[in-house]
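User: I've got a structure here that I'd like to talk through. Let's take it piece by piece.

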Amino acid sequence: MSSTRAWRGSRWVTGLLGTLLAVLSGAAVWASWRQTDTVADVVASSTETDAYQQAAYLAAAEMALLQASFWDPAGEARRRIPEVNKQVDDAMARMVAVDDSPDRQRSRVLKQQHLNLGPDIAYYLQQIDRHDQAGARRTLKTVIEPSYSRITSRLIEVQTERLAEATRNQNAARDFSRRLLAGSIVVFVLGLAVLNLFGWSVRAHRRQMTALAAIDALTGLPNRVAFLAAAGLALTETPRAEADGAKAAPPTVLLVNLDGFRAVNDQLGHGIGDRLLIESGRRLAGAVRDDDLVARLGADEFAVLLRGRSDSDEALAARLTTAFDEPFALDDFTVDLEISIGAATAQPGEQVTTLLQHADIALHTAKLDHTGFHRYTSAADDTAAARLSLLGDLRRALDDTGQLILHYQPQIDPADGAITGVEALARWQHPVKGMVSPGDFIPVVENTSLIHRFTDLVLSQALAQARIWHDSGYRLTVAVNISAHSLLDARFCCRVATLLEEAGVPGEMLCIEITESSVMRDPAVAIEALRRIRDLGVRASIDDYGTGYSSMSYLKLLPVNELKIDRSFVCDMATDASSHALVCSAVELGHNLGLTVVAEGVEDAATAEALREVGCDLAQGYHFARPMDAEALTRLLRTEVSRQPA
Ligand code: C2E
Ligand code: CA
Ligand code: CA
């Protein structure tokens, strides 16, 4: 904040100095312009002085020639008079031309006075030429000499005056130049100051921008960039403190994730989501000590950097969790949020990215195990890192639909061997690892929000294929495995309805396979979801029956259509009496409840025969067909039709 104030202040001062500089520069330009005028005045007055001086000099010379002619009427002086007289006229004409003083009339008067002397000079010269000595002397003394004295003294007077003015102008010009120089120095210094201030202001602005870039705009907490910088600093400070002899605790990072935030954000809107994030940030910041740093790394992910020695990560995690005990009251909504925390303590020489990766691994473990808090240990590294990389790969696979495909395994009526339906089984063609079994990736995906996108993809692919078979005249039920997370997701039924509509497939052609354990996670929500699914005409099947609770009382309550007996009982029913008994009772129970009973994992003819004997409705297993791609299954359907009697 102080950098903002400094930046604003510097901007203000720069603006003020800039204006002052502009005014002074304007004044300097005006002064320079004025200076040109002054210099022009100096030049003009000097030229005038010169012109007057020259006229005075020539007039004096002319008079001297006239005087000399009296004594030597045939001499050189007498001969030069007309020429010098002309020079005086010319000098006077130039004098008139250059004189631009307010009383320039005087130059004209002087010029005229000289011109008027012309007849007197001519008369005087005639007297000389006639050798009229007395007349010539009289003319010289009474007319010529007084007139020339008047003219020359007047010329000298004016010349002196102009010279004084020229000197004055020169002095003024010099003063002005001095002031101009001083002004230019001031403008130059001020310019330097403004430039410096401007540079400082730009740097302050850049500092402010950097500060802003390090703050998360929504919560006002430091963002990922700032957190990484602070964690990096803490990592470098620990060895330094140890070198100084202090026993320094290595920094610990706690990654905090808001469980279920995405669902709230999607259902209640981003406005509520944002407020939830702001309030969460506040609660987290309120639960840490002054030494520790809370940051928002992105979306609903926060992080705490534990720098002090006074707190253990577990104690802090407990305080952070407690901070979320109180529900969030937002307008008309009350939202309960829990958090998952993954903690990792820096090992000697560890980089920030590794520390964060470890905390991330711990966070995933906390989420998968539903423990709320997990501390990273290097033993967990391998499996957790593999899990993480698998999730990253799957995220990319979901964008590139070519990698995730479905195989279909037929479900057979044991009485006549007819294919009545198929189970869709996901296959992941990993670009590097090759085929990844669903048993390897589904348990990992199931506990992340990726499962929703995955279920969507499987459903839409299965329904598109069902539509193709339907259009080709095969009326098959397509069974799709649905994870607990998807079934319990509030949007699940709407998604199923939308996807059915998009594919143009009637609800009865779809069967969802769910396990007992996923229903037991939240029976009320599951039963409600199954009811809404049934309203769409979609069938539901209890998968892996026999491995879970298998309680009669709740089975009665479940709105399902089918029981699918787990293959662990089916595969050895032909040889193991207790498995045989279990399959028998499951068939009986299913029929009593009005359910279709399916047996999976039929691997041989003996088992198929035993199932027919106990009256099982449908059978599925390698004995009939392995899961295969849609094309292979279509070929199988064709041969089956051609086998049937016309
Ligand atoms: P599941 O639902 O119990 O699927 C049946 C599994 O048994 C399939 O394994 C199938 O290939 C296998 N199987 C079929 N017949 C026989 C047989 O005669 N003998 C033996 N030993 N096995 C047989 P798969 O395809 O590896 O799937 C494994 C599990 O992955 C599935 O068990 C299901 O829980 C899950 N899964 C598969 N696809 C999806 C899916 O799209 N969504 C979800 N949520 N789960 C899926
Ligand atoms: Ca299944
Ligand atoms: Ca099964």
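User: What does the domain assignment give for this protein?
Analyst: Domain 1 covers 2-209, domain 2 covers 224-377, and domain 3 is made of 388-567 + 625-643. Those bounds come from an automatic or database domain assignment. Keep in mind that this is a predicted model, where local features need pLDDT of at least 70, side-chain atom pairs count only at pLDDT 80 or more, and totals for chains, interfaces and linings use all residues. Bookkeeping: residues are numbered from 1 along each chain as its sequence is written, chains are lettered from A and ligands numbered from 1 in the order in which they are written, and side-chain values use heavy atoms, with hydrogens and water left out.

User: How far apart are the C-alpha centres of domain 1 and domain 2?
Analyst: Those two centres are separated by 88 Å.

User: OK, metals. Which protein donors does the calcium ion (ligand 2) have?
Analyst: Glu423 (OE), Asn481 (OD1), Glu513 (OE) and Asp543 (OD), at 2.1 to 2.3 Å from the ion. A donor here is an N, O or S atom within 2.8 Å of the metal (3.2 Å for Na, K and Ca), and water is not among the atoms, so sites may look incomplete. The sequence spacing of the donor residues reads E-x57-N-x31-E-x29-D. Asn481 sits in strand 11 (residues 477-481) and Glu513 in strand 12 (residues 510-515), so this pair ties together parts that are 32 residues apart in sequence. Helices (H or I, at least four residues) and strands (E, at least two) are DSSP runs, numbered from the N terminus.

User: Is Glu513 buried or exposed?
Analyst: Buried, at 2% relative accessibility. Asn481 is partly exposed at 31%. The cut-offs are under 20% relative accessible area for buried and over 50% for exposed, with partly exposed in between (1.4 Å probe, protein chains only).

User: Which residue bridges the two calcium ions, ligand 2 and ligand 3?
Analyst: Asp543 does, and the ions are 3.9 Å apart. Asp543 is buried, with a relative accessible area of 7%, while Asp544 is partly exposed at 25%.

User: Switching to helix packing. At what angle do helix 12 and helix 14 pack?
Analyst: About 30 degrees, with the axes of helix 12 (residues 450-471) and helix 14 (residues 492-503) 9 Å apart. That makes helix 12 roughly parallel to helix 14. Axes are lines fitted to C-alpha atoms, for helices over the stretch in contact, and angles run from 0 to 180 degrees between N-to-C directions. Under 35 degrees counts as roughly parallel, over 145 as roughly antiparallel, 65 to 115 as roughly perpendicular, and the rest as oblique.

User: Which residues meet between helix 12 and helix 14?
Analyst: From helix 12, the list includes Leu459, Leu463 and Arg467, and from helix 14, Phe492, Val496 and Leu499 are among them. Contact means heavy atoms within 4.5 Å.

User: How do helix 2 and helix 3 pack?
Analyst: Helix 2 (residues 76-98) packs on helix 3 at about 170 degrees, with the axes 9 Å apart. That makes the two roughly antiparallel. Residues meeting there include Ile81, Val88 and Met92 of helix 2, and Leu110, Leu115 and Leu125 of helix 3.

User: Last one. Where is Thr607?
Analyst: Thr607 is in helix 20 (residues 605-614), and at 0% relative accessibility Thr607 counts as buried. Leaving aside neighbours within four places in sequence, Thr607 touches Val570, Cys571, Met573, Ala574 and Val602.
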